[in-house]
Amino acid sequence: MTSAAQHPTPRQGEPTRRGLAGRIPSPGFDAFGSIFGFIYTFLAGNVLMALANAPLVLCLALVADPAAAWPFFLALSVTVAPSLAGLFASFQALHDDGAAAKPVASFLRGYRRGFRRAAPLGLAAVAVLLFLGVDLAIVQSMPAAALLVPVIVVAAAMTVSVAVMAIAGVVLLPGNALKSLLKASLYLSVQRWYLSLAMLVLLGIIASAALLQPVLGVALAPAPLLFVAWSNAAYAYSSVLPDLGPDEK
């Protein structure tokens, strides 16, 4: 005979839960709120990025072969850096506040606060890339092209990586001077080369999507992929945070 202690009866008002299903926690409001927070942040971020870079997006949609006019489009991309600061600020707010984050307000606040330092970064990066692009077009007909072309490509990749890493630092470490952020970004881009490579791959996917399908590419691709790049940058900065305290005024 089986005793009652071996098979306890459920208490009054307590539902009977049998088998594996009884051990699986059901998703709660917090889980759905977190998912909605990510989706809302990504959608709002894509729209705000498109608005902040409206001349670039409009010209991409109108010009049949943007690659042939790459200097013009590279010059238009000078507006990308401040908008990245705004997008990264919305990601930071999502990390800090979760479902309670307000991505539109966070984007606008991050854009306004980061513009003074992010805009010069974008301008400098565009100038360096224009210089390297012209050099690349010139050296391709030289006998030493096999040696010089890889050097120029690596320099261009480092320029993009350091610029994006520094813009992330503008949001993560608002109390630090731009000079110290650039030094840290250069160090991290080399030390964490695999994160830099992943960032460049993600940026390449965004650029390809924008060139092939400007409207759909800008509407769907940037924010989710840039969130991965932002997470990698935040992880890289976390390793040097003890050495990057706020600069003294």
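In which helix is the place of Ile138?

Modeller: Ile138 has its place in helix H5, in what is a predicted model, where local features need pLDDT of at least 70 and side-chain atom pairs pLDDT 80 or more, while totals for chains, interfaces and linings use all residues. Residues are numbered from 1 along each chain as its sequence is written, and side-chain values use heavy atoms, leaving out hydrogens and water.

Helix H5 covers residues 103-139; helices are DSSP runs of H or I of at least four residues, strands runs of E of at least two, numbered from the N terminus. Ile138 counts as partly exposed because its relative accessibility is 44% (buried is under 20%, exposed over 50%, partly exposed in between, with a 1.4 Å probe and protein chains only).

Ile138 also belongs to a nonpolar surface patch of about 530 Å², which it makes together with Trp70, Val134, Met142, Leu147 and Leu148. Two or more residues of this nonpolar patch come from each of H5 and helix H6, the latter spanning 145-172. Patch residues have over 30% relative accessible area (Shrake-Rupley, 1.4 Å probe) and no salt bridge, with nonpolar side chains joined within 5 Å and like charges within 9 Å; a salt bridge puts a Lys or Arg side-chain nitrogen within 4 Å of an Asp or Glu carboxyl oxygen.

Ala127 lies in helix H5 and is classed as partly exposed because its relative accessibility is 44%. The C-alpha atom of Ala127 is 8.2 Å from that of Ala75, although 52 residues separate the two along the chain. Arg109 is another residue of helix H5, and its relative accessible area of 34% is why it is partly exposed.

Elsewhere, Cys59 is found in helix H2, residues 54-62. Residues up to four places away in sequence aside, Cys59 touches Phe72, Phe73 and Leu76, a contact being heavy atoms within 4.5 Å. From Cys59 to Phe72, 13 residues apart along the chain, the C-alpha separation is 9.7 Å.

As for the whole, the chain contains 10 helices and zero strands. Of its 249 residues, 37% are buried. Where contacts join residues at least 6 apart in sequence, 75% of them link residues at least 24 apart. The accessible surface of the chain is about 14,700 Å², and carbon and sulfur atoms account for 70% of that area.
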